[in-house]
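Here's a quick briefing to read alongside the model on your screen. Take a look at the structure, then work through the notes topic by topic.

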Amino acid sequence: MNSLLIAATDTDAGKTVVTTALVAYWQKYYPSKALGLMKLMQTGQGDREWYEGLFQGQLEMITPLQYQAPLAPPVAADLEGRDIPLGTVWQALLNLQKSQDLVLIEGLGGLGCPVTHELTLADLAAQWRLKTLLVVPVKLGAISQTVANIALAEQKKVNLGGIILNCLEPRTETEIEQLTPIDLIQSLTNCPVLGVFPFIEDRRDLDKLASVVASWPQIKLPAHLNCLLR
């Protein structure tokens with residue numbers, strides 16, 4: 001399947017900047033290949049507006065469902081007296097997959113984030129057979145959050161492609177190694193760390209974002225993200 005879900009261990013882990021970097025990499029190095037971008041569903045404002053500001057007219061972007069309150073989807077939907085029609089999201093994804101070489105899907109919250117009153121993001125990733133990339137913020141507590149999210153992914157049978165460590169603030173190499181030691185994380189989770197995303201102050205600098213992805217040897221988008229989409 002030509003889709004990759006960008007998930008995370010928690011809210012504000014940096015899914016949007018990693019997704020933006022993947023789009024920038026694709027556009028810079030493989031402009032002849034069609035790329036679709038989906039925000040699975042949005043509560044509040046921010047991500048859809050961010051992508052539209054950067055990429056409007058450059059690629060096909062969709063956000064099938066949107067709710068006003070910046071809360072978990074079932075809570076936000078309840079406040080508006082609305083349902084969460086996952087069939088609408090699924091059909092939108094199928095349509096995008098048919099017309100694009102690759103579809104990047106930004107998730108919401110962590111893998112345990114509720115999507116409906118019955119299902120979490122991990123449930124959806126498993127049921128829809130979405131290869132999943134896990135973004136882990138470089139901070140204290142990251143190891144335990146990573147272990148917990150990957151344990152949930154294994155329980156739900158999510159197809160995890162790997163981990164990206166994301167610096168939400170400037171970090172030295174020593175800080176990265178102490179807060180998110182790669183060997184320890186890989187040993188505890190049996191999941192590969194594919195790369196480290198450094199703190200970039202100007203996150204609209206698409207050339208710089210693309211160069212970060214280009215430095216990750218295991219991720220090559222034109223080969224369907226190499227190890228990720230196999």
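Let's start with Trp128: it has a relative accessible area of 10%, so it counts as buried. Keep in mind that this is a predicted model. From that tryptophan we'll move on to its ring partner, the cores, a pocket and a few loop residues.

**Aromatic pairs**

- How many aromatic pairs does a search of the whole structure find? The search turns up four.
- A pair of aromatic rings is described by two things, the distance of the centres and the angle of the planes.
- For Trp90 and Trp128, the ring centres are 5.1 Å apart and the planes sit at 45°, so this pair is tilted.
- The pair links distant parts of the chain, 38 residues apart: Trp90 is in helix H4 (residues 86-99), while Trp128 is in the loop between H5 and strand E7 (131-137).
- Is Trp90 buried, exposed or partly exposed? Its relative accessibility is 28%, so Trp90 counts as partly exposed, whereas Trp128 is buried.
- Phe197 and Trp216 make an edge-to-face pair, with 6.1 Å from centre to centre and 65° between the planes.
- Phe197 belongs to strand E9 (residues 193-197) and Trp216 to the segment after helix H9 (206-214), so their pairing ties together parts that are 19 residues apart in sequence.
- Phe197 and Trp216 are both buried.
- Tyr25, Tyr29 and Tyr30 form a cluster, linked by ring pairs.

**Nonpolar cores**

- In soluble globular proteins, nonpolar side chains tend to be buried together.
- Here, the largest nonpolar core has 47 residues, and Leu40 and Ile163 are the ones with the most contacts inside it.
- Apart from that core lies another one, of 31 residues, including Ala8, Ala13, Leu133 and Leu209.
- What does Leu40 touch, leaving aside its neighbours within four places in sequence? Its contacts are Pro64, Val89, Ile105, Glu106, Leu108, Leu121, Leu124 and Trp128, so our buried tryptophan shows up again.

**The largest pocket**

- Rolling a probe the size of a water molecule over the atoms shows where empty space is left.
- The largest pocket holds about 530 Å³ of space.
- Its lining is made up of 28 residues, and Thr11, Asp12, Lys15, Lys39 and Asp47 lie nearest the centre.
- Which elements give two or more residues to this lining? They are helix H1 (15-29), strand E3 (42-43) and helix H2 (47-55).
- H1 gives the largest share, four residues.
- Sorted by class, the pocket lining has eleven nonpolar, eleven polar and six charged residues.

**Loop residues to look at**

- Most residues other than glycine have a negative phi.
- Asp12 has a positive phi, near 60°, and you'll find this residue in the loop between strand E1 (3-8) and H1.
- With 65% relative accessibility, Asp12 counts as exposed.
- Arg129 also has a positive phi, near 55°, and sits in the loop between H5 and E7.
- Arg129 counts as exposed too, because its relative accessibility is 69%.
- Thr120 is in the loop between strand E6 (102-106) and helix H5 (121-127).
- Is Thr120 buried or exposed? At 17% relative accessibility it counts as buried, because the cut-off is under 20%.
- Not counting residues up to four places away in sequence, Thr120 touches Leu111, Gly112, Cys113, Pro114 and Val115.

Key
Residues numbered from 1 in each chain as written. Predicted model: local features only at pLDDT ≥ 70, side-chain atom pairs only at ≥ 80, totals over all residues. Heavy atoms only, no water. Buried < 20%, exposed > 50% of the residue type's maximum accessible area, 1.4 Å probe, protein only. Contact = heavy atoms within 4.5 Å. 1 Å grid on protein atoms, 1.4 Å probe; cavity = no way out; pocket = protein on both sides within 12 Å on 5 of 7 lines; lining within 4 Å. Points joined across faces, edges and corners; volume = space filled by probe spheres on them. Nonpolar A, V, L, I, M, F, W, Y, C, P; charged D, E, K, R; others polar. Core = buried A, V, L, I, M, F, W, Y, C linked by side-chain atoms within 4.5 Å. Phe/Tyr/Trp six-rings, centres within 6.5 Å; stacked < 30°, edge-to-face > 60°.
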